[in-house]
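Let's take a walk through this structure together. Have a look at the model first, and then we'll go through it piece by piece.

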Amino acid sequence: MATLAIAGLLLFLVPDDQPTAMNGDLVEWDAASNGYRRPGLLFAVWATFTKLAYALAIGIAFPLLDLFGFAAGADNDPVALTALAYLYGIPCIIFKIMALLNMRNYPITEEAYGKILDRNTGSADTAA
């Protein structure tokens, strides 16, 4: 169970639950914060951590399924199928709830995004 918690924490820290559209917000916020436009770097970091999360999930889940005797394509006993269901379902539910709770405090509202765009472009009619 501790291994699942660690894997889940890693998956939670990776912005895979972050909608792709929010990455544009992050690019503009970053440019407003430091004066540099680095969308390529930000998207590369996002993609790298997403791939790392998937690799870790497989690297943790498959050995755990093996411990419970699960074999793909074979007739599995109820314990192995229950382990599969728990490993597939419970972490997803927990981390989606955590992501939703985390998003309650997302600071870039439509109004804030308009101000960021105004600051980045220097015009007042950019936010739409």
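Keep in mind that this is a predicted model.

Why call them partners? The count of aromatic pairs comes to one. Phe43 and Trp46 make up an edge-to-face pair, because their ring centres sit 6.2 Å apart and their planes meet at 75°; the angle for that label has to be over 60 degrees. Both residues belong to helix α3 (residues 39-67), where being three residues apart puts about one helical turn between them. In general, an α-helix has 3.6 residues a turn, so residues three or four places apart point the same way.

Now hop back to helix α2 (residues 20-34), where you'll find Asp25. Is Asp25 buried or exposed, and what is the nearest side chain of opposite charge? Asp25 is buried and yet has no salt bridge; that nearest side chain is Arg37, 11 Å away. Leaving aside residues up to four places away in sequence, Asp25 touches Tyr106, Ile108 and Tyr113.

Last stop: helix α4, which covers residues 78-103. With its 26 residues, α4 reaches 37 Å from first C-alpha to last, close to the 38 Å expected at 1.5 Å a residue. Along α4, you can pick out buried residues: Ala80, Ala83, Leu87, Pro91, Phe95 and Ala99.

Technical notes:
Residues numbered from 1 in each chain as written. Predicted model: local features only at pLDDT ≥ 70, side-chain atom pairs only at ≥ 80, totals over all residues. Heavy atoms only, no water. Phe/Tyr/Trp six-rings, centres within 6.5 Å; stacked < 30°, edge-to-face > 60°. Helix = DSSP H or I, 4+ residues; strand = E, 2+ residues; numbered from the N terminus. Buried < 20%, exposed > 50% of the residue type's maximum accessible area, 1.4 Å probe, protein only. Lys, Arg positive; Asp, Glu negative; His and termini not counted. Salt bridge = Lys/Arg side-chain N within 4 Å of Asp/Glu carboxyl O. Contact = heavy atoms within 4.5 Å. Expected span 1.5 Å × (residues − 1).
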